[in-house]
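User: I'd like to learn how to read a protein model feature by feature. Can you walk me through one?

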Amino acid sequence: MSTTSTIKLKVEFSGGLELLFSNQRSHRIEIPAVVPSDNSTIIDATSKAGDKTKSADVTYLMYHLRDHLLKERVELFMEAGTVRPGILVLINDTDWELEGEGEYVLKDGDEIVFISTLHGG
């Protein structure tokens, strides 16, 4: 049994993004506090204890969401290792650009919101 500490987060999707995540707007998730520096979310037999790690950040969260919650069409959520253009990301109600974007280190209780600003019509 691992004694790794975890971070509890509230993640929300709107503007149509919720359709990619089982049509569910709000998710409460738990992720490891320390993660592989390559953002790998799948632990396998080749992982070594000496591999480089980092504190969980928003970039890792995006990979985690892609690998564990996203149900379809990854290209509508992520592109080139970040959210695709047209998706606004809020960290505790603040634009992620003011918080360091993907490098923002997550804290227990953070609320991360992904909003698609692209609408048809």
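User: Let's start with the layout. How many helices and strands does the protein chain have?

Analyst: Keep in mind that this is a predicted model. The protein chain has one helix and nine strands. Going along the sequence, the order reads β-β-β-β-α-β-β-β-β-β.

User: What share of the residues counts as buried?

Analyst: Out of 121 residues in the protein chain, 37% are buried.

User: How do I read the nonpolar core? Which residues touch the most other members?

Analyst: The general idea first: in soluble globular proteins, nonpolar side chains tend to be buried together. Here, the largest nonpolar core has 31 residues, and L65, F77, L106 and F114 touch the most other members. β1 (6–14), β2, α1 (58–68), β7 (87–91) and β9 (111–116) each put in at least two residues. The biggest giver is α1, with six residues.

User: Take L106 as an example. Which residues is L106 in contact with, leaving aside neighbours within four places in sequence?

Analyst: The list for L106 is I7, L9, I31, A56, D57, V58, L61 and I112. Keep D57 in mind, as that residue comes back with the charged pairs.

User: Now the aromatic rings. What describes a pair of them?

Analyst: A pair of aromatic rings is described by the distance of the centres and the angle of the planes. The count in this model comes to five aromatic pairs. One of them joins F13 and F21, which are stacked, at 3.8 Å centre to centre with 10° between the planes. Both F13 and F21 are buried. Another is F13 with F77: the ring centres are 6.3 Å apart and the planes sit at 75°, so this pair is edge-to-face. That pair links distant parts of the chain, since F13 is in strand β1 and F77 is in the loop between α1 and β5, 64 residues apart.

User: Why does F77 count as buried?

Analyst: F77 counts as buried because its relative accessibility is 0%, and the cut-off for buried is under 20%. F13 also comes out at 0%.

User: Which residues form the aromatic cluster?

Analyst: One aromatic cluster is made up of F13, F21, F77 and F114. You've met F77 and F114 already, in the list of residues touching the most other members of the largest nonpolar core.

User: On to charges. How many salt bridges are there?

Analyst: As a general rule, side chains of opposite charge can pair when their charged atoms come close. The count here is four salt bridges. In one of them, the side chains of D57 and K54 meet at 3.0 Å, N to O. D57 is buried, with a relative accessible area of 8%, whereas K54 is partly exposed at 21%.

User: What are the closest N and O distances for R66 with D67, and for E75 with R73?

Analyst: For R66 and D67 the closest N and O atoms are 2.7 Å apart. R66 is partly exposed at 30%, and D67 is partly exposed at 31%. In the salt bridge between E75 and R73, the closest N and O atoms are 3.2 Å apart. Relative accessibility is 40% for E75, which counts as partly exposed, and 47% for R73, also partly exposed.

User: What about backbone angles? Which value does phi take at N23?

Analyst: N23 has a positive phi of about 55°, although N23 is not a glycine. You'll find N23 in the loop between β1 and β2, exposed with a relative accessible area of 55%. A80 also has a positive phi, near 55°, and is not a glycine either. A80 lies in the loop between β5 (78–79) and β6 (82–83) and is exposed at 82%.

How values were computed
Residues are numbered from 1 along each chain as its sequence is written. This is a predicted model: local features need pLDDT of at least 70, side-chain atom pairs count only at pLDDT 80 or more; totals for chains, interfaces and linings use all residues. Side-chain values use heavy atoms; hydrogens and water are left out. A nonpolar core is a set of buried Ala, Val, Leu, Ile, Met, Phe, Trp, Tyr and Cys residues joined through side-chain atoms within 4.5 Å. Buried means under 20% relative accessible area, exposed over 50%, partly exposed in between (1.4 Å probe, protein chains only). Helices (H or I, at least four residues) and strands (E, at least two) are DSSP runs, numbered from the N terminus. Contact means heavy atoms within 4.5 Å. Rings of Phe, Tyr and Trp (its six-membered ring) pair if their centres lie within 6.5 Å; planes under 30 degrees apart count as stacked, over 60 as edge-to-face and the rest as tilted.
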